[in-house]
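Thanks for coming. I will go through one structure, a few places at a time, and give the cut-offs as I go.

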Amino acid sequence: GPQVGNALIRVEETRNLAPVLPLGVIVADTEGGMGYMVEQCLQNKLKDRGIVKEIATMVTQVLVDPNDPSIQNPTKFVGPVYPSEKIEEMSNRPGWTLKEDIGRGWRRVVPSPVPVEIVGKNIIKLLLEHDIIIIAAGGGGIPVYTDEKNGWYEGIDAVIDKDLASAVMGRDVRAEELMILTEVEKVALNFGRANQQYLDKLTIAEAKKYMQEGHFPPGSMGPKIQAAINFLEGGGEKVVITSVEKSIDAVTGRAGTVIQR
């Protein structure tokens with residue numbers, strides 16, 4: 001999110017000097033750049049530990065429905081806050097929608113369609129079969145749809161939720177476990193309140209119940225819980241949600257919230 005926002009600022013500031021890049025291309029650029037950084041860090045750490053293993057970063061297209069409701073009603077904020085004198089000009093740009101980001105100001109909003117399928121899933125499965133570590137679907141991946149007239153893939157100016165994309169990735173490569181790393185060690189009910197309660201384990205039914213009761217807001221834990229439900233209902237066996245710092249402990253069952261069927 002922040003990386004795409006930074007790239008959009010650069011595009012806006014240089015409109016008179018260079019061609020404007022579509023949002024889908026910006027997503028691809030940031031996915032590739034950050035993938036490079038993650039790949040190199042992994043390469044160096046594996047080398048330090050004497051582990052011989054290949055790593056591949058894949059700039060990943062993710063199929064979405066061109067009729068997804070978010071296409072007509074975009075809500076995902078991207079890019080900078082615009083001053084009041086710029087709002088009318090920005091709103092009149094083709095394909096642009098501006099909305100007020102409460103407490104911050106007016107910003108561009110783009111669609112965030114639900115991911116349907118990983119376009120390169122067979123390539124990823126092939127790499128997995130050869131014991132290669134894959135970095136894929138970064139930032140949710142690049143949203144594309146299939147043109148009904150000729151069957152071609154076409155890009156969409158949108159961003160995909162990374163947690164939902166990870167669940168689709170797990171389903172498409174038949175993964176058994178999904179780990180979602182975030183800022184908290186465990187999922188909690190009544191988060192941030194005096195009666196906050198951390199959860200060690202959850203079933204799908206409990207996760208759905210707590211979602212309906214409003215314990216997992218859309219802007220924070222909601223997409224992660226929905227991703228966990230989607231992954232498990234798609235054939236996965238186990239989801240762990242925890243913090244980056246506690247990820248090693250979570251692998252051995254000493255931290256995090258476990259969600260299972």
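I start with Tyr82, which counts as buried because its relative accessibility is 9%. Buried means under 20% relative accessible area, exposed means over 50%, and partly exposed is in between, with a 1.4 Å probe and protein chains only. Before going on: this is a predicted model, where local features need pLDDT of at least 70 and side-chain atom pairs count only at pLDDT 80 or more, while totals for chains, interfaces and linings use all residues. Residues are numbered from 1 along each chain as its sequence is written, and side-chain values use heavy atoms, with hydrogens and water left out.

How many aromatic pairs does the structure hold? There are two. Rings of Phe, Tyr and Trp (for Trp, the six-membered ring) pair if their centres lie within 6.5 Å; planes under 30 degrees apart count as stacked, over 60 as edge-to-face, and the rest as tilted. Tyr82 and Trp96 make a tilted pair, with 6.2 Å centre to centre and 55° between the planes. This pair links distant parts of the chain, 14 residues apart: Tyr82 is in strand β3 (residues 76–82), and Trp96 is in the loop between α4 (87–91) and β4 (98–101). Helices (H or I, at least four residues) and strands (E, at least two) are DSSP runs, numbered from the N terminus. Trp96 also counts as buried, because its relative accessibility is 13%.

The pair of Tyr210 and Phe216 is edge-to-face, at 6.5 Å centre to centre and 85° between the planes. Tyr210 has a relative accessible area of 17%, so it is buried. Phe216 is buried too, at 5%.

**A charged residue inside**

Next, Glu31, which sits in helix α2 (residues 23–48). Is Glu31 buried or exposed? Glu31 is buried, and it has no salt bridge. A salt bridge is a side-chain nitrogen of Lys or Arg within 4 Å of a carboxyl oxygen of Asp or Glu. For charge, Lys and Arg count as positive and Asp and Glu as negative; His and the chain ends are not counted. The nearest side chain of opposite charge to Glu31 is Lys162, 14 Å away.

What lies around Glu31? Apart from neighbours within four places in sequence, Glu31 is in contact (heavy atoms within 4.5 Å) with Met58, Val59, Thr60, Ala136, Ala137, Gly138, Gly141 and Ile142. For two of these residues there are distances to quote. A polar atom of the Glu31 side chain lies 3.1 Å from the backbone nitrogen of Gly138, and the backbone nitrogen of Ala137 lies 3.5 Å from a polar atom of that side chain.

**Salt bridges**

The whole structure has 14 salt bridges. One of them joins the side chains of Asp131 and Lys53, at 2.9 Å from N to O. Asp131 is in the loop between α5 (121–129) and β7 (133–136), and Lys53 is in the loop between α2 and β1 (55–58), so the pair ties together parts 78 residues apart in sequence. Asp131 counts as exposed, at 52% relative accessibility, and Lys53 as partly exposed, at 31%.

Asp101 and Arg104 also meet through their side chains, at 3.8 Å from N to O. Asp101 is buried, with a relative accessible area of 13%, whereas Arg104 counts as exposed, at 54%. Arg171 and Asp172 form another salt bridge, at 2.8 Å. Here Arg171 is partly exposed, at 34%, and Asp172 is buried, at 8%. There is also a network of salt bridges linking Glu12, Arg15, Lys86, Glu89 and Arg93.

**Helix α8**

Last, helix α8 (residues 222–233). The expected span of a helix is 1.5 Å times one less than its number of residues.

Why is α8 described as largely enclosed by the rest of the structure? Because nine of its 12 residues are buried. Those residues of α8 are Gly222, Pro223, Lys224, Ile225, Ala227, Ala228, Ile229, Phe231 and Leu232. The buried residues of α8 pack against α6 (162–172), β10 (177–182), α7 (204–212), β14 (238–243) and β15 (257–260). Just after α8, Gly235 has a positive phi of about 120°.

Notes. Polar contact = N/O pair within 3.5 Å; in protein donor to acceptor, adjacent residues only side chain to side chain.
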